[in-house]
Amino acid sequence: MPADNPTPSSGNQLKHICIIMDGNGRWAKKRFMPRFAGHKAGLNVVRKIVSSCVEQEIKVLTLFAFSSENWRRPEKEVGLLMGLFATALTREVKKLNENNIQLRIIGDLSAFSEKIQALVADAIALCADNSGLILNIAANYGGRWDITEATRQIAEKVKQGEMSIDDINENTIEDHLSLRQIPEPDLFIRTGGEKRISNFIIWQLAYCEFYFTDILWPDFDKKVFEQAIRSYSSRQRRFGRTGDQLSSLN
Ligand code: IPE
Ligand code: IPE
Ligand code: MG
């Protein structure tokens, strides 16, 4: 029997939303603009969705900003994205702090420039004592990387004699992932029409509800966001049980 899986009592409470913000490049192309214009427009939408989450008292928002595979893009686009990341870290953080937001960056930060690493450290430190929305930005993040890192850390503990192989269970792995101690995502949204996970938080998506929309990220707004939330509210999360079992509990 699964040790610590969600129970029906968690119902359709919406604590954690995660989003693959896709379609920036196509949005710009449609307007005969460089792809980067789409990324810039996308940042404005991030601001709106973060504020919507604060208003709706969502506990956690996890946004996929740059995947471990996005380094494969043309050098110029990667460079511009890094510049935008640095600008966002500099300009947005004050507002995040004023809104009591707990900012976290998940991913392999060692690949970023020293300047970006320093900006990340400063931003996290500024928001460290906040108690509101947890905002996870996945940057140079890959779900496989995350699970590999967790495995490495656990193996090291076993090697040092701090843990026995028999103690390893699903909770052990969860406790070593980037999103440890954060409730699992309830709702996954992907804009831009693609129906794939693209190596996002693959472990945590095991029982998440999926919502795909063709809307390109720069066109995403509070209205579509609310549609996604409504769709989530109408779903029955069974976690392996039958519908009848759930009805008898309610
Ligand atoms: C998502 O938009 C943003 C990043 C991956 C950084 P895209 O840049 O992937 O936009 P499309 O999919 O090419 O339209
Ligand atoms: C996924 O989008 C990563 C982000 C949104 C940051 P991509 O546009 O890079 O995904 P694929 O490569 O089309 O699957
Ligand atoms: Mg894309």
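Met82, Phe85, Ala86, Leu89 and Thr90 of helix α3 meet Lys115, Ile116, Leu119, Val120 and Ala123 of helix α5, where contact means heavy atoms within 4.5 Å. By class, this contact of α3 with α5 has eight nonpolar, one polar and one charged residues; Ala, Val, Leu, Ile, Met, Phe, Trp, Tyr, Cys and Pro count as nonpolar, Asp, Glu, Lys and Arg as charged, and the others, Gly among them, as polar. The model is a predicted one, in which local features need pLDDT of at least 70 and side-chain atom pairs count only at pLDDT 80 or more, while totals for chains, interfaces and linings use all residues. Residues are numbered from 1 along each chain as its sequence is written, chains are lettered from A and ligands numbered from 1 in the order in which they are written, and side-chain values use heavy atoms, with hydrogens and water left out.

Helix α5 covers residues 114-126, and its axis lies 10 Å from that of α3 at an angle of about 25°; axes are lines fitted to C-alpha atoms, for helices over the stretch in contact, and angles run from 0 to 180 degrees between N-to-C directions. Helices (H or I, at least four residues) and strands (E, at least two) are DSSP runs, numbered from the N terminus. The helices α3 and α5 are therefore roughly parallel to each other, a term for angles under 35 degrees, whereas those over 145 count as roughly antiparallel, 65 to 115 as roughly perpendicular and the rest as oblique.

On α3 (residues 75-91) there also packs α2 (residues 35-55), at an angle of about 20° and with the axes 10 Å apart. Here Arg35, Phe36, His39, Lys40 and Leu43 in α2 meet Glu77, Leu80, Leu81, Leu84 and Ala88 in α3, and the residues of this contact divide into six nonpolar, one polar and three charged.

Turning to the sheet, six strands lie in the order β3-β4-β2-β1-β5-β6, forming an open sheet with parallel pairing, where two strands pair if DSSP finds at least two bridges between them. Because β3 (102-106) and β6 (209-212) stand at the edges with a single partner strand each, one side of each is left without a neighbour in the sheet.

Within this sheet, β1 (residues 16-20) runs parallel to β5 (residues 187-190) and is joined to β5 by four bridges, with Cys18 standing opposite Phe188 in β5. Helix α8 (residues 222-233) packs on the sheet and touches β1, β5 and β6, its direction making about 140° with that of β5.

A salt bridge, defined as a side-chain nitrogen of Lys or Arg within 4 Å of a carboxyl oxygen of Asp or Glu, is formed by Arg190 with Asp22, their closest N and O atoms being 2.9 Å apart.
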